[in-house]
Amino acid sequence: MTIQTDIIRRAFPDTALALFEQAYPDAHAPLGHTLSDHPLFAREALAALAGRLPDDHVEYNRGDLPLGIRPEDTPVNGLSIDDTIRGIDGNGSWMVLKNVECDRAYQALLESVLAEIAPLVEAQTGPMLHMEAFIFLSSPGSITPFHMDPEHNILLQIEGEKTMTIFPAGDDALVPPRQSESFHGGGHRNLVWDDAFLAKGTDVHLTPGDALLVPVKAPHFVQNGPAVSISFSITWRSKRSVAEGELHSLNATLRRLSLPPVPVGKTPERQALARLAYRIMRKLGV
């Protein structure tokens, strides 16, 4: 695929960068971006991309889901990948194209966008690690169930509108420690929902040109608006997010051995002794 000359353009205005700097890494923040009309997000471009991606890079299902659905209960839509994208206006579906950075054009776009915030990230949490990109397409009225993600994330709204209800990261009432331990051990991203959680959530309405910084493991769910929604998610890991995952994995092992878990602090990257213990235990196959 020929890389378009306008792939490399500035994505974030100065105001968005200032908001990002104030909020990162622990708080969510509404931002703005300039990529809504980018040709790589046109429907035909996305259909072509989906055709180039490996099968395990495309996940799609019905979009009319309850907030707390179990992963194994998620219904398929009965369509092909191509039919899902081309008929997304009316087929009641939800789709994500995963790790689109494996495609050369989208890799160039991801690297260009992340380069704009890299100095701000590095000042807070060190170098960006494991940089990835995802594209979400959803039919009118679709719901993304209550879940969390392991990466630092900025969601850029490209087409249509949606409302993300986002919750504080690190709240044990929303995500009990054992849930975090299971998650970092390969468990599913979906979380158990309770209507009482709503009081802790913040609704953020996103339209084309809006973006949202989402902290690591901040629980959230998404309600799509009355038209098709296309969103671009740019993600990265940090020493902090990697360290948190190590500590939760350590705690899963400690519980299995009937030993007390270690507290996971707000700066887990500084918990060097516990992280060393995890690495030794993993090497020994404990």
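In which helix is Leu-276 found? Leu-276 belongs to helix H7, residues 272-284 (helices, H or I of at least four residues, and strands, E of at least two, are DSSP runs numbered from the N terminus).

This is a predicted model, in which local features need pLDDT of at least 70 and side-chain atom pairs count only at pLDDT 80 or more, while totals for chains, interfaces and linings use all residues. Residues are numbered from 1 along each chain as its sequence is written, and side-chain values use heavy atoms, with hydrogens and water left out.

**View 1. Leu-276 in helix H7.** Leu-276 counts as partly exposed because its relative accessibility is 47% (buried is under 20% relative accessible area, exposed over 50%, partly exposed in between; 1.4 Å probe, protein chains only).

**View 2. Tyr-24 and Trp-236 form a tilted aromatic pair.** The structure holds twelve aromatic pairs (rings of Phe, Tyr and Trp, its six-membered ring, with centres within 6.5 Å; planes under 30 degrees apart are stacked, over 60 edge-to-face, the rest tilted). In the pair of Tyr-24 and Trp-236, the centres are 6.0 Å apart and the planes at 35°. Tyr-24 lies in the loop between helix H1 (14-23) and strand E1 (29-32) and Trp-236 in strand E11 (residues 229-237), so the pair ties together parts 212 residues apart in sequence. Tyr-24 is buried at 4% relative accessible area, and Trp-236 is buried at 0%.

**View 3. Phe-167 and Phe-221 form a tilted pair.** Their ring centres are 6.2 Å apart, with the planes at 40°. Phe-167 is buried at 3% relative accessible area, and Phe-221 is buried at 9%.
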